[in-house]
Amino acid sequence: MRNTRTQVAIVGAGPSGLLLGQLLFKAGIDAIIVERQSGDYVLSRIRAGVLEQVTMDLLDEAGVGQRMHQEGLVHGGFDLLFNGARHRINVNALTGGKNVMVYGQTEVTRDLMLAREQAGLPTVYEAEKVQIHDFDSAKPRVSYEKNGQLHTIECDFIAGCDGFHGVCRASVPKGAIKEFEKVYPFGWLGVLSDTPPVHHELIYANSTRGFALCSQRSAIRSRYYLQVPLSDKVEQWSDEAFWAELRHRLDPEAREHLVTGPSIEKSIAPLRSFVTEPMRFGRMFLAGDAAHIVPPTGAKGLNLAATDVKYLSSAFIAYYHDKTESGIDRYSERCLRRIWRASRFSWWFTSLMHHFPENGDIGQKFQDAELDYLVHSQAGSQNIAENYVGLPLNFGE
Ligand code: RFL
Ligand code: PHB
C-alpha cells in the first residue's frame, strides 16, 4: 500500500475539479486530483458551450483565460423562435452591457489540463475503485487502486467534484442528505459538425414538433440539438434524419441558410433538475454536477459548477491563510442560494421552450402567448436576459 498526504484531495478531473485545483495552486495550497477515466476520455465528452461573465472572470483568475479570449465568441444576444418567426433578445442592451462567451467545455477542460501539466501538479487518471473515508473526522482519506496497487491519500479536506454518478455524494449516509429531483419526459439529441453555424448567435426554437437549439463552437463548427423522446436511441438517427428534422423546426430563413455535413459526434442526453442539500458533510464538500444538475436549456450547468468552485476555493484559502472556518461554514448556504435561482430559471426556460404533448393544444397556445409577451415587453425581455447572462455573485446580499 502507498500512502501520500495533501491538503485537499479532489475527486474528479472534470471542469470543477480542474478549476479548483488551479485556484488552490495559485493560492499555494496543495491538492491531488483522482480521476476514474483517462484524460483523453474526459476530453472526448462534448458538453457545455456558453460561459457567463463570472465564469470567464474565474478562468482569468486561474490564469487559463488566454485562449478563451482569443478563440471564444462573444455574444450579446440570442434569438427566440416561435410561431415560425425569430425575435432577438438583446442581452447586452438589456443588462447594461453584459455578454456571454461561446467557448466549449472541452476547450476549458483542455486549457485547465494543460496548465496543471505545465505546473507539474499531480493528477491520477484511470484510478479504479475510488473511495472516500472518515470525512466526518479530522483525518479524511481517499483510496484508489492503480495498476493493481492500493493507494491512500491522507488529507485535510475532500472535494467531491466527481459529477452526477460519482462516489462522493453516494458515500453520504441517506439520513444526512436531502435530494430534490425532477426528470423530464424527453432528452436532447446533439450533433457536432464541421459546418458554419446557421446564424452568428444562438437560436432557441419552440416548435410544435419539439424544441431545437442552434449553437456553435467556432465559425466553422456547429452544435445543434433536437428534443427527442426518451425512448429514442442514437442509432435510430441518421445524419440525414437529424438535418431533415432540424429544418422542420426552423424558420424559413434559417432553413435556407442551414449548411449540413457529416456529424463528428452524436449523442442523447436525458434532462433533469436535481439539487442536493446540504453540500458539506464534515470535511467533504460537493461541487458542480456532484451536487446539482440542471436541464441544459438555460446553459447554467458549467457556470454553476464554476461558482461552487469559487466559493469552495475562497473557503479553503480563508481556512489556510486567515485561519478562519467561516467560509467553510457558509459554503453550502452560499452555493445553494445561487443554485436554486439557476435551477428555477433552467426549469422555467425548459418548460417554456419544449413540446409537452400531455398539455395539448392549449399548452402550446400558452407557450406562444408567454413568448409573445416576453419578446415585446421590456420587463419580460429583461427578466430572461438578466438570468441568461447570470446573476452577479453578490446578488441579493
Ligand atoms: P463532470 O464534467 O461530470 O466531471 C466529473 C468528473 O468526475 C469523474 N468521476 C470520478 N472520478 C473518480 N472517482 C469516481 N468514482 C468518479 N466518478 C466520476 C468523471 O469521470 C468526470 O471526469 O462534472 P463537473 O466537473 O462538475 O462539471 C459539470 C459540467 O460538466 C456540466 O454541468 C455541464 O456540462 C452542463 N452543460 C452545460 N453547462 C453550461 O454551463 N452551459 C451549457 O451550455 C451546457 N450545455 C451541458 C450542456 C450538459 C450537457 N450534457 C451532456 C449533460 C449540454 C449538454 C448536452
Ligand atoms: C451548447 O453549445 O452546447 C449549448 C449552448 C446553449 C445551451 C446548451 C448547450 O443552452
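Reply: Asn147 is found in the loop between strand S11 (141-146) and strand S12 (149-154), where helices (H or I, at least four residues) and strands (E, at least two) are DSSP runs numbered from the N terminus. Its phi is positive, at about 50°, although Asn147 is not a glycine. Asn147 counts as exposed because its relative accessible area is 74%; exposed means over 50%, buried under 20% and partly exposed in between, with a 1.4 Å probe and protein chains only.

The model is predicted, so local features need pLDDT of at least 70 and side-chain atom pairs count only at pLDDT 80 or more, whereas totals for chains, interfaces and linings use all residues. Residues are numbered from 1 along each chain as its sequence is written, chains are lettered from A and ligands numbered from 1 in the order in which they are written, and side-chain values use heavy atoms, with hydrogens and water left out.

A positive phi also occurs at Lys129, near 50° in a residue other than glycine. Lys129 is found in strand S10 (residues 128-133) and counts as exposed because its relative accessibility is 59%. A further backbone feature is the cis peptide bond from Glu277 to Pro278, with omega near -10°. Pro278 is found in the loop between S18 and strand S19 (280-281).

Rings of Phe, Tyr and Trp (its six-membered ring) pair if their centres lie within 6.5 Å; planes under 30 degrees apart count as stacked, over 60 as edge-to-face and the rest as tilted. The count by this rule is 23 aromatic pairs. One of them joins Phe164 and Phe274 edge-to-face, at 5.0 Å centre to centre with 85° between the planes. This pair links distant parts of the chain, 110 residues apart: Phe164 in the loop between strand S13 (157-160) and helix H7 (167-170), and Phe274 in strand S18 (residues 263-277). Both Phe164 and Phe274 are buried. Tyr204 and Phe349 form a tilted pair, with 5.3 Å between centres and 50° between planes. Here 145 residues separate Tyr204 in strand S15 (residues 202-205) from Phe349 in helix H11 (residues 326-353). Tyr204 and Phe349 are buried, and they belong to one aromatic cluster whose members include Phe78, Trp188 and Trp348.

An N or O atom in the side chain of Glu35 is 2.6 Å from an oxygen atom of ligand 1. Polar side-chain atoms of Arg45 and Asp289 each lie 2.7 Å from an oxygen atom of ligand 1. The protein covers 89% of the 1000 Å² of accessible area that ligand 1 has on its own, by the Shrake-Rupley method with a 1.4 Å probe.

Conventions
A polar contact is a pair of N or O atoms within 3.5 Å; within protein, one must be able to donate a hydrogen and the other to accept it, and residues adjacent in sequence count only if both atoms are side-chain atoms.
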